[in-house]
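Colleague: I have not seen this structure before. Please show me how to read it, one feature at a time.

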Amino acid sequence: MSSPKDLEQRVSAIEADLAVVRQEGAAARELAAGADREAADVRAELRGHGRVLTALRETQLEMQVEMQGMQLEMRGMQLDMRGMQLDMRGFREIQVRHYAEHKADAAEMKAGMAQIVRMLEDLSGDGRSPRSLVR
């Protein structure tokens, strides 16, 4: 058996070790609490990032719908422009045809006036200009 002195030394050593273990336990609890706070902060930050990503996704979906609408409008405008181009070609053809008709009418009028001038000259018989006959 051990002597009471040995027993006293062993108990003192165990008490000293127990004090160290208690200090280490307190330090471990403090570290765990700090890690828990940091983990909570990280979780909160991740939730914030998740909300931002969700909002961004919603915005992108809204923009996609808006862009599809604009794309449809642009297609409609392109069709309108093609229709206007066809109309302009039709107007151009009408304009060319009217110009040709007016040119023919003007030529006919010029020929008719020349004939009238000749007839007047023939009537005057003296070779005077028809303008001199009009007073």
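Colleague: Is Ile-116 buried, exposed or partly exposed?

Modeller: Buried means under 20% relative accessible area, exposed over 50%, and partly exposed in between (1.4 Å probe, protein chains only). Ile-116 has 48% relative accessibility, so it counts as partly exposed. The model is predicted: local features need pLDDT of at least 70, side-chain atom pairs count only at pLDDT 80 or more, and totals for chains, interfaces and linings use all residues. Residues are numbered from 1 along each chain as its sequence is written, and side-chain values use heavy atoms, with hydrogens and water left out.

Colleague: Where is Ile-116 found?

Modeller: Helices are DSSP runs of H or I with at least four residues, strands are runs of E with at least two, and both are numbered from the N terminus. Ile-116 is in helix 1. The chain has two helices and zero strands.

Colleague: What span should helix 1 have?

Modeller: The expected span of a helix is 1.5 Å times one less than its number of residues. Helix 1 has 121 residues and should span 180 Å; its end C-alpha atoms are 173 Å apart, which agrees. After helix 1 comes Gly-125, with a positive phi near 65°.

Colleague: How far apart are Ile-116 and Met-88?

Modeller: They are separated by 28 residues in sequence and by 41 Å in space, C-alpha to C-alpha. Met-88 also lies in helix 1, and its relative accessible area of 54% makes it exposed.

Colleague: What radius of gyration does the chain have?

Modeller: This radius is taken over C-alpha atoms, and the globule rule is 2.2 Å times the number of residues to the power 0.38. The chain has 55 Å, whereas a compact globule of 135 residues would have a value near 14 Å. Buried residues make up 2% of the chain.
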